[in-house]
Amino acid sequence: MLTLRRAFRVLWRRRLRTLLVSLVLALCVAVFASTIAGVDASEAAAADMVEDYRAAAEATLEETELWMRALVVTAPAGPWSPQGISEDAVDEVASMDDVAGVVPMIMVGFNEEGQTGGGGQLGRGYVYVVHGAPLDPELNDQYHALPVNIVDGRNLAEGEDYTALLSDELVDYFDAGVGDTINLHGTTLDIVGVYASELWQRDVYMSLSTAQDLLGMQGQLSMLAVYAESQSAVGDVVAEIQSEYPAAFVIALGSLQSQLADFVQQQQQTLVAGLDDDLSAIESVGLRTIVASGIIAVLLIFVVMFNTVRARTKEIGTFKALGFSNGGIMWQFLCEGFYVGLVGGVIGLALASVAASLLSSLLLGSSENLDISVSIGVAPMLLGLGLTIVAAGLGSLYPAWRASRISPMEALRRE
Amino acid sequence: MARPMLRAIGLTKTYQADGNRVRALQNVNLEIMRGDFVAIMGPSGSGKTTLLTLLGCLDRPTSGKVLLGTRGLDVTAMPESSLYTIRRKNIGFVFQSFNLIPSFSALENVELPMENLIGSGRRRRKRARVLLRMLEIPHRETHKPPQLSAGEQQRVAIARALANGPAVILADEPTGNLDWETSVGIMNMMRRLASEQKRTIVMVTHDPYMAAFASTKLYLRDGKLSNEDPFYSDPLRFAAQPPTGSQQ
């Protein structure tokens, strides 16, 4: 207790220097704790992202239960092409046996050059997809023709034209949100809502008539989604449509579900691999930063305590002449190192608690794939505190031991 | 028959300096009785401080013995861990440059040696106050060394040396940094400590005026101790040709 008090008094006399040393140490501790927090936050963000994807994929796959009794009919040029199916086909197909419902739609994807292409919506490099949907509440309720997860504004309303519902994936691309307008192929659309994309949909939803006008497809559709009365009736409906429209593509979506599941799994693997790369980079930089800040903290205390011992050699000699033991002198310098560590640690953790986000982004960089939110939790705090104790102990040990071994006669002769 | 408080028998100390073997002390024999105030005089480099550090258990002789106390405890044969206790309980040091701890007040400086002997802080403080009063500086107890005059600092240092009631006080040029008047005051105080409190005081100095306060004067030259010295007996003889002395 007396040694602790004595060490405090000595440091208090040198308080300005002690404070300066503590501030440098504080920076090390703040960097140390913030880096740990940053790495933790990155790992948590990656885990959240994978979980979000998994949940979204599961929801999509669940939704595709409807697909088991669904089939799509597209024009000869292939799915999502602008060649078109006559609108008259809607009523004709709807009147066929075993058909429960028909959802007419237009889906035309555009790439960076503004050109359309064949193939599916997902993973084909479309920048956006013009998606005309019937604004019929009954159809939408039954067959989910419009997205339901609106995150801003509202959904499209029955009977309205030249309005659009935008995927949140497209907000940045168009640099537009609810209340703004976008111009697609010479047609101006008012954005009334933004929906949360699942599986990176980049669709611009609008009414069928608006899409027809925009694409010059008056009286035509690009696709019919046909729902059979039951799963067992799907084959009959396919056969009936093919006999009626021999040139059309008819695909039973039930067969696509397994393909979609494979695709989802593949996408998940790609996502996880990408996140793993990001995490590896972050962890590698983080580990180096943590080790470097720890070493600097130990070296800082070591250099300061070593110089303290050198500067106070005569004082050490006096203590020995007064009957203080080697152990007592060693303990005194360890206590001084501990105090410096404690002050630096407290300031460092306070600094980390307010600037962890800034420090970790400066040190670890940012990830395009991860939305990282850094805050100092209990673990980084405790580890930061541990660093100060270890740094104080390791950094002071040799100087304190050296102080205890100084010959009293030599020490007293030192001026 | 009274036994000596401090004895040196055949004390020799040699060390290496710049590759040369220097004999700082050569076969020094010494007996100091309880209550003696001994001044050891000699020029710079004569071995005065070396002798004092050996007597004070701060260093070990190359050969010879130091016997402490009337029972003749051979401190040169004791392990380092026991010497702390010997120094703490039996020996008080007074230095030329006072060696006070600058961050501590006068009172705390005096309390310092008592830390390991007196558990109660209140008792330590009480004793420190008594000592400061005895040395006539009770009004300075809260002052730190830089706020004290040189004379006051030396009084605090003497109070600190007396803190644990040591039988022996070793003073290394205690008036070296003091003016004449203050030096005389300090010398009178040390003489009283020897005569009234029966402390054994060994003081090294090169100042014959200060040595005059001591009851016994010894002379050290080239590491050898003697009862008289031609220079100090008749300094004018050496005015034209100073006596030679090895440099330490």
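Q: A residue is buried if 20 or more other C-beta atoms lie within 10 Å of its own, exposed if 12 or fewer, and partly exposed in between, with C-beta atoms placed from the backbone. With that in hand, how many residues of strand β6 (residues 163–167) of chain A are buried?
A: This is a predicted model, where local features need pLDDT of at least 70 and side-chain atom pairs count only at pLDDT 80 or more, while totals for chains, interfaces and linings use all residues. Residues are numbered from 1 along each chain as its sequence is written, and chains are lettered from A and ligands numbered from 1 in the order in which they are written. Strands (E, at least two residues) and helices (H or I, at least four) are DSSP runs, numbered from the N terminus. The rest of the structure largely encloses β6(A), because the number of its residues that are buried is five of the five.

Q: Which residues of β6(A) point the other way from A:Thr163, A:Leu165 and A:Ser167?
A: In a regular strand, side chains alternate between the two faces of the sheet. In β6(A), A:Thr163, A:Leu165 and A:Ser167 share one direction. Pointing the other way, and buried as well, are A:Ala164 and A:Leu166.

Q: Which residue in β9(A) is the bridge partner of A:Leu166?
A: Strands pair if DSSP finds at least two bridges between them. β6(A) pairs in the parallel sense with strand β8 (residues 187–195) of chain A over five bridges, and there A:Ala164 sits opposite A:Ile191. With strand β9 (residues 203–207) of chain A, β6(A) pairs in the antiparallel sense over two bridges. In β9(A), A:Leu166 has as its bridge partner A:Val204.

Q: Are α1(A) and α10(A) parallel, antiparallel, perpendicular or oblique to each other?
A: Helix α1(A) packs with helix α10 (residues 326–364) of chain A at about 55°, and their axes are 9 Å apart. Here axes are lines fitted to C-alpha atoms, for helices over the stretch in contact, and angles run from 0 to 180 degrees between N-to-C directions. Angles under 35 degrees count as roughly parallel, over 145 as roughly antiparallel, 65 to 115 as roughly perpendicular and the rest as oblique. So α1(A) and α10(A) are oblique.

Q: How many nonpolar residues are there in the contact of α1(A) with α10(A)?
A: Residues are in contact if their C-beta atoms, placed from the backbone, lie within 7 Å. Among the residues that meet are A:Phe8 and A:Leu11 in α1(A), and A:Trp331 and A:Tyr339 in α10(A). Ala, Val, Leu, Ile, Met, Phe, Trp, Tyr, Cys and Pro count as nonpolar, Asp, Glu, Lys and Arg as charged, and the others, Gly among them, as polar. Next to three polar and two charged residues, the nonpolar ones number eight.

Q: At what angle do α10(A) and α11(A) pack?
A: The contact of α10(A) with helix α11 (residues 378–405) of chain A has 18 nonpolar, 12 polar and one charged residue. Their axes lie 7 Å apart. The two helices are roughly antiparallel because of their packing angle, which is about 155°.

Q: Which element gives the largest share of the side of chain A that touches chain B?
A: On the two sides, 15 residues of chain A are in contact with 18 of chain B. On chain A, two or more residues each come from α1 (2–13), α9 (313–321) and α12 (408–413). By class, that side has eight nonpolar, three polar and four charged residues. The largest share, five residues, comes from α1(A).

Q: Is B:Ile101 buried or exposed?
A: You'll find B:Ile101 in the loop between β6 (91–94) and α3 (106–111) of chain B. Leaving aside its neighbours within four places in sequence, B:Ile101 is in contact with A:Glu315, B:Asn109 and B:Leu112. With 21 other C-beta atoms within 10 Å, B:Ile101 counts as buried.

Q: Which strands are the edge strands of the six-strand open sheet in chain B?
A: The sheet runs in the order β6-β7-β8-β3-β9-β10, with mixed pairing. Inside it, strand β3 (residues 37–41) of chain B runs parallel to strand β9 (residues 216–221) of chain B, joined by four bridges, and B:Ala39 has B:Lys217 as its bridge partner. Pairing on one side only, the edge strands of chain B are β6 and β10 (224–226).
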